[in-house]
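Here is a short briefing on one protein model.

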Amino acid sequence: MKNILKRLSFKKIIFFIIYGIIFPVISFSQSNDIQFFQTLPHLSIRAIEVLNDSTVWFAANHGVWGFTENNGRTWTIDSIKTDSVYPEFRSIALLNDSTVLLMSINSPAYLFKTTDKGKNWRLVYTNKHKDIFFDSMKFRNAKEGIAIGDPVDGCFQIIKTIDGGEWWTQTKCENIPEAFAGEACFAASNTCIEMFNNNVWFATGGKHARVFYSSDFGEHFKAFNTPMIQGDTMTGIYSIDFYNEKTGVVAGGNYGKTDSSITIATTNDGGKTWKEIKTKVPHFGCVQIKPSATKTETIIVTGYDGTFEINTSQKKIKEILDKNGAELKFNTFRFSKQNPNIMWLAGRNGKIARLKIKD
């Protein structure tokens with residue numbers, strides 16, 4: 001359906017920017033700039049995307065979305081309401097400077113698209129199955145995208161588009177290995193699905209923590225076991241990222257416990273086999289490989305216990321702190337596509353941060 005949704009009380013909000021210096025444990029001789037931005041205090045932001053060095057969009061609960069086009073000096077923030085519901089958005093995709101898609105999680109699940117920076121939104125997909133729950137959405141270019149949802153009757157819900165999100169088709173259940181009882185995906189940071197060229201991966205957790213792989217853009221999948229902690233409802237993989245078709249990383253853990261566990265694993269064969277890295281941090285909600293051609297072993301992870309830089313080859317973890325020595329606790333983050341040393345983080349209480357890490 002193509003319902004046109006007008007913006008609700010569209011407004012531009014100017015926030016004060018707090019400038020500070022981080023003194024991380026990353027290097028003895030470096031300091032890293034960080035800027036904090038306060039959006040709406042009642043928000044939980046789990047989806048953020050960076051278009052370029054100045055333009056960043058986010059999506060949150062209460063139907064709220066927003067963006068900046070000047071590195072956070074001003075923010076445009078608004079909300080969507082449909083069927084008397086303010087959807088909880090956990091996924092966002094930026095196709096260009098004007099075209100954005102937002103996906104909500106549970107039933108009824110909605111997927112909205114704008115081509116004019118949010119002045120108008122169209123409903124391009126909806127799913128009213130009582131058990132539907134979408135976790136993550138990813139585009140590999142301005143036309144081709146894929147979204148993953150939790151299993152319904154043992155079948156992971158995978159939908160794809162090849163026309164920029166106008167129409168969506170579902171991958172046949174017989175082409176996807178059946179989900180185990182108690183296995184699902186996590187909508188922690190819009191990073192439980194990843195793509196590189198024609199390769200697609202998604203990660204699961206709960207009673208089982210596996211990585212599913214497709215070589216044909218989501219038409220057929222295989223499943224591979226991982227050594228990640230699993231077996232309980234809140235264990236497993238929360239986030240996955242790939243540097244190329246062979247090198248990847250998963251992160252997760254156990255939300256319910258604070259003991260040491262397997263929270264990181266890496267692969268060098270496209271996800272067929274995984275090598276664990278144990279940490280003393282119980283879980284990470286989001287992981288990203290630093291986008292540098294010479295530093296594929298460097299990853300950044302964030303979660304309720306802080307933000308960390310990890311050297312996966314040396315298995316060394318160093319925490320990134322703010323200038324006062326406080327932890328940086330966020331739900332999700334993305335690197336700038338133009339500058340691999342700049343990352344944008346978002347989390348609880350409507351907080352967003354721009355962090356610049358110096359080599």
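Which residues line the largest cavity? The lining consists of Glu49, Met137, Lys138, Asn190, Thr191, Ile193, Glu194, Ile240, Asp241, Gln288 and Arg334. The model is predicted: local features need pLDDT of at least 70, side-chain atom pairs count only at pLDDT 80 or more, and totals for chains, interfaces and linings use all residues. Residues are numbered from 1 along each chain as its sequence is written, and side-chain values use heavy atoms, with hydrogens and water left out.

**Cavities**

- A search of the whole structure gives two cavities of 30 Å³ or more. A cavity is a set of points, on a 1 Å grid over the protein atoms alone, where a 1.4 Å probe fits but cannot get out; lining residues have an atom within 4 Å of a point.
- The largest cavity holds about 60 Å³ of space. A volume is the space filled by probe spheres set on the grid points, which are joined across faces, edges and corners.
- Strands E13 (134-139), E18 (193-196) and E23 (235-242) each supply at least two residues of that lining. Strands (E, at least two residues) are DSSP runs, numbered from the N terminus.
- By class, the lining of the largest cavity has three nonpolar, three polar and five charged residues. Ala, Val, Leu, Ile, Met, Phe, Trp, Tyr, Cys and Pro count as nonpolar, Asp, Glu, Lys and Arg as charged, and the others, Gly among them, as polar.
- The second largest cavity has a volume of about 50 Å³. Its lining includes Arg46, Tyr255, His283 and Phe330.
- Four nonpolar, four polar and one charged residues make up the lining of the second largest cavity.

**Largest pocket**

- The largest pocket has a volume of about 770 Å³. A pocket is an open set of points with protein on both sides within 12 Å along at least five of seven lines.
- It is lined by 30 residues, and Glu49, Lys138, Phe139, Glu194 and Lys337 lie nearest its centre.
- The pocket lining divides into 17 nonpolar, six polar and seven charged residues.
- Strands that each supply at least two lining residues include E5 (45-50), E9 (89-94), E27 (286-289) and E31 (332-335).

**Sheet**

- Four strands form an open antiparallel sheet in the order E27-E28-E29-E30. E27 and E30 (316-320) each have a single partner strand, so one side of each lacks a neighbour in the sheet. The twist averages 25° from one strand to the next.
- E27 and E28 (residues 298-303) pair over four bridges. Two strands pair if DSSP finds at least two bridges between them.
- Isoleucine 289 has isoleucine 299 in E28 as its bridge partner.

**Loops and backbone**

- Proline 227 is in the loop between E22 (222-225) and E23. Its relative accessible area of 26% makes it partly exposed; buried means under 20%, exposed over 50%, partly exposed in between (1.4 Å probe, protein chains only).
- Proline 227 is in contact with Ile262, Ala265, Trp274 and Glu276, leaving aside neighbours within four places in sequence. Contact means heavy atoms within 4.5 Å.
- A cis peptide bond joins serine 107 and proline 108, with omega about -10°.
- Histidine 62 has a positive phi near 60° and lies in the loop between E6 (56-60) and E7 (64-68).
- Asparagine 71 also has a positive phi, about 60°. At 22% relative accessibility, asparagine 71 is partly exposed.

Definitions and conventions. Axes fitted to C-alpha atoms, helices over the stretch in contact; angles between N-to-C directions.
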